Amino acid sequence: MIENIQNIYVRDTETRLNPKPHIVYKVEVNAAVRTWSVWKRYSEFDELNDKLIRLFPSNPPPFEMPAKHYFQSTLGNPVLVEERRRGLEDYLRGILFHKDDRYRETDEWRDFLAIPTGRLLDAASMYTSETWLDEYNEVQAKAKEIRSLLNKRETHIAHNEVQLSHNYNLQAKKNLTLLGTRVTQLETGLKGLAEGSGKDGKIMSAGELRRRQDMLTEIKEEKDTLTKLVLATRTDISKAATPASSMDRAALFKQPVRPSMNKGIVGNVFGNSRATMPAETEQTRGLDNEGLINLQKQTMEDQDSHVEQFSAILSRHKHIGLAIGQELDYQNQLLNELDGDLDRTADKLRFTTRKMNSIK
């Protein structure tokens, strides 16, 4: 299913030196449940415009491209760069929000914005070597954003502000789901670049591939760490930090009542009670002190083994729960996209109905 694009921004610019100095513009695409960015040169915008004009010679795009500066260079001229940035943003948003969707239905439009069309988001063929690095930087920024949200959550937990901490935790979970999807895209895209099936068709060198694999491993480890932090609760910490009550301390340090050497009744300041020795069992009968100690050690080892097995079961349930959560998030994404498609279809039907009524 094609992403339902809700908005487009061109907010940032950057000067790059290879293959020669030039300006690139960051196109931020906001879909129903995720956001991604692509960096484009002015010449790529101009190429898109030419393609759309060739496809629809009688219906050019609704907004004109910002004019070329033949006698002035945008390099080192922030005024011209800002003027062009605003013009390029208006150009893309004009196409996006125009009532005629013929431009948005073209492959040229989808390719320019790197709009994914499948569950794996066609990542194997959507990246060039340069755009892969751009996406990696965006993923790193997203990971830092999640960590910031978790820090805010902990601050509000410390102040017993339950609602605010819950809100930050929900935001972190949502961003973490998107982070996992984008990390998977990066991994698939890197395989495509290694095999030469990327967007530029070039095969990545072995040294560069190893470097990027290390980068990918680092971001995957960061994602795993963030997952643990998002799922962590303060329940155990709070329990550990709570001091024991006086009754608990008394129960902990209370000395057992020993039988008198004379005979069975032991005096007690609160009354008399009969003390009894621990009952003998089949396991302990016939064991000396060393045998009892060995039996106790064996019993503790068995208990530890049971605890480890229980921990492994809990870990499996946790992973199953995470997988179910990710699947639910994906299904929610599909439902949101379907809802957007239905809204657009309803708008088209209303427009067509009005046209039909005007013809009558």
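A residue counts as buried at under 20% relative accessible area, exposed at over 50%, and partly exposed in between (1.4 Å probe, protein chains only). This is a predicted model, where local features need pLDDT of at least 70 and side-chain atom pairs count only at pLDDT 80 or more, while totals for chains, interfaces and linings use all residues. Residues are numbered from 1 along each chain as its sequence is written, and side-chain values use heavy atoms, with hydrogens and water left out.

**View 1. Leu328 and a nonpolar patch on the surface.** Start with Leu328, which sits in helix H10 (residues 289-359). Its relative accessible area is 51%, so Leu328 counts as exposed. Together with Ile320 and Ile324, Leu328 makes a nonpolar surface patch of about 290 Å². (Areas come from the Shrake-Rupley method with a 1.4 Å probe; for residues, only the protein chains shown count as cover. Patch residues have over 30% relative accessible area and no salt bridge; nonpolar side chains, meaning Val, Leu, Ile, Met, Phe, Trp and Tyr, are joined within 5 Å, and like charges within 9 Å.)

View 2. Looking beyond residues up to four places away in sequence, Val27 touches several residues, including Ile8, Trp36, Phe45 and Leu92.

**View 3. Arg84, a buried charge.** Arg84 is found in helix H2 (residues 78-97). (Helices, H or I with at least four residues, and strands, E with at least two, are DSSP runs numbered from the N terminus.) Arg84 is buried yet has no salt bridge, and the nearest side chain of opposite charge, Glu83, is 7.7 Å away. (A salt bridge puts a side-chain nitrogen of Lys or Arg within 4 Å of a carboxyl oxygen of Asp or Glu. Lys and Arg count as positive, Asp and Glu as negative; His and the chain ends are not counted.) Not counting residues up to four places away in sequence, Arg84 touches residues including Tyr25, Tyr42 and His69.

**View 4. Gln72 in a loop.** Gln72 lies in the loop between H1 and H2. Its relative accessible area is 47%, so Gln72 is partly exposed. Leaving aside neighbours within four places in sequence, Gln72 is in contact with Asn77 and Leu80.

Conventions: Contact means heavy atoms within 4.5 Å.
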